[in-house]
Amino acid sequence: PYMLITAAAPALSAASPPAKHLVLVVADDLGYADLGYAGSQIATPNIDKLASAGVKLAHFYVQRACSPTRGALLTGRYNIRYGFQSGVLTSQNNWSLPLDETLLPQFVKRVDARSKCHAVGKWHLGYHRWEHTPTFRGFDSYLGYYSGDEDYYTHQGDCGGFDLHDDSRPDCGAGCSRHAWEAVGEYSTHLFTRRAVSIIREHDAAAPLFLYLPYQAVHVPDQVP
């Protein structure tokens with residue numbers, strides 16, 4: 001996976017500290033050598049533009065695949081610390097990222113209790129019990145799929161069924177989490193981008209925002225808009 005980080009800190013009144021906003025974008029299974037600015041023949045103009053206007057961390061390495069990268073990214077710890085050193089979670093696993101691991105949105109809220117934290121996209125850190133899903137791990141809302149991969153249009157996941165969840169509040173489990181059937185037929189990259197833009201536009205800039213945006217693209221299956 002390839003990561004992009006953007007941040008902004010708009011000025012507020014002298015009476016209140018400026019709110020810091022962070023958008024963390026993860027491109028799934030995109031190699032560094034697949035980027036235009038890294039010399040690839042594959043055109044990646046938007047990523048190239050972000051890279052040219054920002055800072056490129058050319059020696060910042062992620063883990064080799066989905067679950068290990070997400071675990072390391074959100075905990076700040078090596079995979080062997082929590083049992084993700086052997087590969088990715090599958091639909092047959094009845095275990096998840098341990099609950100005693102503190103995740104990035106929980107750290108963000110410790111620093112500033114005003115913070116709002118949202119996740120949009122692929123989870124893949126376990127879902128065999130509700131408390132392992134995103135809104136129980138520090139996020140205020142979540143739209144995306146819990147499993148490792150799904151169809152970009154039908155949102156049928158490798159879990160064996162429809163896997164697109166709209167979790168609208170913290171601790172959104174039974175009786176709250178709903179299947180987003182209305183999104184059937186909408187390409188996931190467009191769907192996730194639309195939700196991310198909506199979150200940013202509707203957010204009160206006086207409070208810090210952390211938006212975690214782990215896209216499905218460019219993970220299999222190979223489907224285009």
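Ser 188 belongs to helix 4, residues 188–202. Helices here are DSSP runs of H or I with at least four residues, strands are E runs of at least two, and both are numbered from the N terminus. The model is predicted: local features need pLDDT of at least 70, side-chain atom pairs count only at pLDDT 80 or more, and totals for chains, interfaces and linings use all residues. Residues are numbered from 1 along each chain as its sequence is written, and side-chain values use heavy atoms, with hydrogens and water left out.

**Exercise 1. Decide whether Ser 188 is buried or exposed, then find its partners.**

Step 1. Apply the cut-offs: buried is under 20% relative accessible area, exposed is over 50%, and partly exposed lies in between (1.4 Å probe, protein chains only).
Step 2. Ser 188 has a relative accessible area of 0%, so Ser 188 is buried.
Step 3. List contacts, meaning heavy atoms within 4.5 Å. Beyond its neighbours within four places in sequence, Ser 188 touches Tyr 152, His 155 and Gln 216.
Step 4. Look at Gln 216 again. Its side chain and that of Ser 188 form a polar contact of 2.7 Å. Such a contact is a pair of N or O atoms within 3.5 Å; within protein, one must be able to donate a hydrogen and the other to accept it, and residues adjacent in sequence count only if both atoms are side-chain atoms.

**Exercise 2. Work out how covered helix 2 is, and what covers it.**

Step 1. Find helix 2 at residues 66–75.
Step 2. Nine of its ten residues are buried. Among them are Cys 66, Arg 70 and Leu 74.
Step 3. These buried residues pack against helix 3 (104–111), strand 3 and strand 7.
Step 4. Check the end: just after helix 2, Gly 76 has a positive phi of about 75 degrees.

**Exercise 3. Identify the residues with the most contacts inside the largest nonpolar core.**

Step 1. A nonpolar core is a set of buried Ala, Val, Leu, Ile, Met, Phe, Trp, Tyr and Cys residues joined through side-chain atoms within 4.5 Å.
Step 2. The largest has 18 residues, and Trp 123, Phe 139 and Tyr 212 have the most contacts inside it.
Step 3. Strand 2 (21–27), helix 2, strand 3 (116–122) and strand 7 (209–214) each give two or more residues to this core.
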